[in-house]
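Subject: Structure handover

Hello,

Here is the structure for you to look over. My notes on what was found in it follow below.

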Amino acid sequence: MKAHHLQFEKLIDINPRTGTIFFNRERIALVSVKALGILRKDLIRTLGMERAKGFLMRYGWAWGQNDGESIKAKYNWDNVRELMLAGPALHTLEGVVSVEPDHLEITGDSLHFTGYWRNSFEAVEHIHHFGLEKESICWTLTGYASGYLTSTFGKEVIVYEDKCSGKGDPYCKFTGKTKDLDENKFNELMRYYKADSLITELDRAYHEIREVNKNIIESDQIQQKLTNMSLEDKDLSETIRYVASVLDKSIIIDYYNKIVESVFITDEHRLIYRSWTNDFSYTAEQQNGIATFPIRANHVNLGRMVVVSRDKLTSKEQLIIKRALSVMTIQMFHQWKLTHTLWKKKENFFEEMLQNPDSEAFEKRSYLFNFHPESLNRMLSVKVNPDTQCAEILKLLDKAYEEKDVFSKGAYILIILSGEEAEAPNAISEDIHRLLQDNFPALKFYIGVGRKAESLRILAKSYLDACKISDFIHLAHPQSSRISYFDNLEHVMMLLKGTDQEELILFYRKIIGKLVEYDKTNQSKFIMTLKSYLDHNGNLQDTANDLHLSIAGLRYRLERIENICHTDLKSGTGRFQYQLAIQIYYAIKIDHNHKKLLM
């Protein structure tokens, strides 16, 4: 007997008198595909996708196994290959699916069988009720093929889908293998056929539902406790301690890896958290049972909750955390609103923070303003002349640079630069100047940029730098807008901070002011000659070589400098005065590019 000899007319036996239908000597009942689809839908909704899959695969296995045993006993088959091919023929004749065998290889005790399924009723019904899936869904078909091949081949065979129209593929393609050909895949799928009966599945589902209800009740009780703590105006730290004790896990509330509040139940958890934040890796997160949960309210990022534990969170623990997060979010948002009320304007907060850089309270509250003191920051100061429109300028800058911290303090408008802009502030400084000049062309702006900072203490120094630089360039160049940077003025910053800046300007003009004017009028280079002579510690030969002059020519220039400035270059006091005046002169001399841009 060959597989293609199977004919529907010879296999079907209908008896209208008794109301029975036999196919391949087995009584069958005609059931609409629509009804089977409804059954499938109800199974999935009752048991869940995974359990329904197992049930339908086992149902298909029993069906295929019964067909295999029946067809094997009824006919004298030419060989095992024909018997294997009879399964697809029967499946097609029964109206379940059109089967097209592709490759069949039998080697001893091993079987490798591939083919195509077209017009799968399962795929059609599943898409109708649930839409396309990410995984294959012809579970009854794979069960049938597995049961049939196992019963006729004599060894366990597992069939799976490589492609499935139920997940959007153009057709369904199946592969059947014995265990020795793909043991991992075999064991993965065989577990569905080893599962318990439908009654057991329903019983298990019932117990799971009962457990879920129990968890919900317990988590509701914990939420009520947390809500009462919030109503009693308990601190966030007390809430975290309570949640940590309930879960027996370490709980951390942080903001960009900066701890706001924490409860570590072991020193090991503290080390795990620090190591994870310093050198984040997904593997470390998985191995150490680290779970993170964002905390947001009204589009405001308040931070995140980090849970550290050696064990993976159970569904009950996740439910408790979800309840706790809702209460913590309310507490943190209330604290955020309270802080913004306490410091009605951002400038009040930053003013107090910069005056108290060692205060731990400011470090903890800085996250409320989306400010990270441990990151790279730098202060930029804008001084305006005249200062009658400072309020309008502050409003313009605050709107133009919404993502930045812009505030005013006294005569200065201050902006905190962060990240790449703090590393290289030239572009943003010039952008700010252009914006101000375009909108207020009649005003003069003196922009000072302080030193780099990676802590509140250094940021306070950067703030003083920026303000002093703004004052200095205002005094030095009152008639034109300027930008200057700490990097250019670092060598005289101590003088700027500790001395009357106007006195410094007067001193520089007294010592070398006439020389500067002489160079401008006569296009001479006496200032450059003086600087080179001082840089070479008064060595005539080195200075002459540097300036490409003869010794006689250099002596002439030095005599002219002494005559113009009325100060002796040969005495120690004279050289010191010249050296200091030169430093001040070059400190207030803005780069040529900035001159061209700003004047």
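A contact here means heavy atoms within 4.5 Å. By that rule, residues 24 or more positions apart make up 64% of the contacts in the chain with a separation of 6 or more.

Some ground rules. This is a predicted model, so local features need pLDDT of at least 70 and side-chain atom pairs count only at pLDDT 80 or more, while totals for chains, interfaces and linings use all residues. Residues are numbered from 1 along each chain as its sequence is written, and side-chain values use heavy atoms, with hydrogens and water left out.

Overall picture. The chain holds 26 helices and 16 strands. Those are DSSP runs numbered from the N terminus (helices H or I, at least four residues; strands E, at least two). Of its 599 residues, 46% count as buried. Buried means under 20% relative accessible area, with a 1.4 Å probe and protein chains only.

The search runs on a 1 Å grid over the protein atoms alone. A cavity is a set of points where a 1.4 Å probe fits but cannot get out. A pocket is an open set with protein on both sides within 12 Å along at least five of seven lines. Lining residues have an atom within 4 Å of a point. Points are joined across faces, edges and corners, and a volume is the space filled by probe spheres set on them.

The whole structure has 2 cavities of 30 Å³ or more. The largest cavity holds about 100 Å³. Its lining includes Gly87, Pro88 and His91, and also Trp117, Tyr144 and Phe174. Helix H4 (80-93), strand E5 (110-118) and helix H6 (139-153) each supply at least two lining residues. H6 gives the most, with 4. By class, this lining has 9 nonpolar residues, 2 polar and no charged. For the classes, Ala, Val, Leu, Ile, Met, Phe, Trp, Tyr, Cys and Pro are nonpolar, Asp, Glu, Lys and Arg are charged, and the others, Gly among them, are polar.

The largest pocket holds about 750 Å³. It is lined by 28 residues, and Ala29, Leu36, Tyr59, Trp63 and Val96 lie nearest its centre. Strand E3 (26-28), helix H2 (33-47), helix H3 (49-74) and helix H5 (121-130) each give two or more residues to that lining. H3 has the largest share, 6 residues. The pocket lining divides into 17 nonpolar, 4 polar and 7 charged.

Helix H4. Its 14 residues should span 20 Å at 1.5 Å a residue, and the end C-alpha atoms are 20 Å apart, which agrees. The expected span is 1.5 Å times one less than the number of residues. Buried residues in H4 include Gly87, Pro88 and His91. Among the elements covering the buried residues of H4 are H3, E5 and H6. After H4 comes Gly95, with a positive phi near 80°.

Two single residues. Thr529 lies in helix H22 (residues 526-535). Thr529 counts as buried because its relative accessibility is 0%. Beyond four places in sequence, Thr529 touches residues including Leu554, Arg557 and Ile561. Gly448 sits in strand E15 (residues 444-449). Gly448 is buried, at 0% relative accessible area.

Best regards

Definitions and conventions. Buried < 20%, exposed > 50% of the residue type's maximum accessible area, 1.4 Å probe, protein only.
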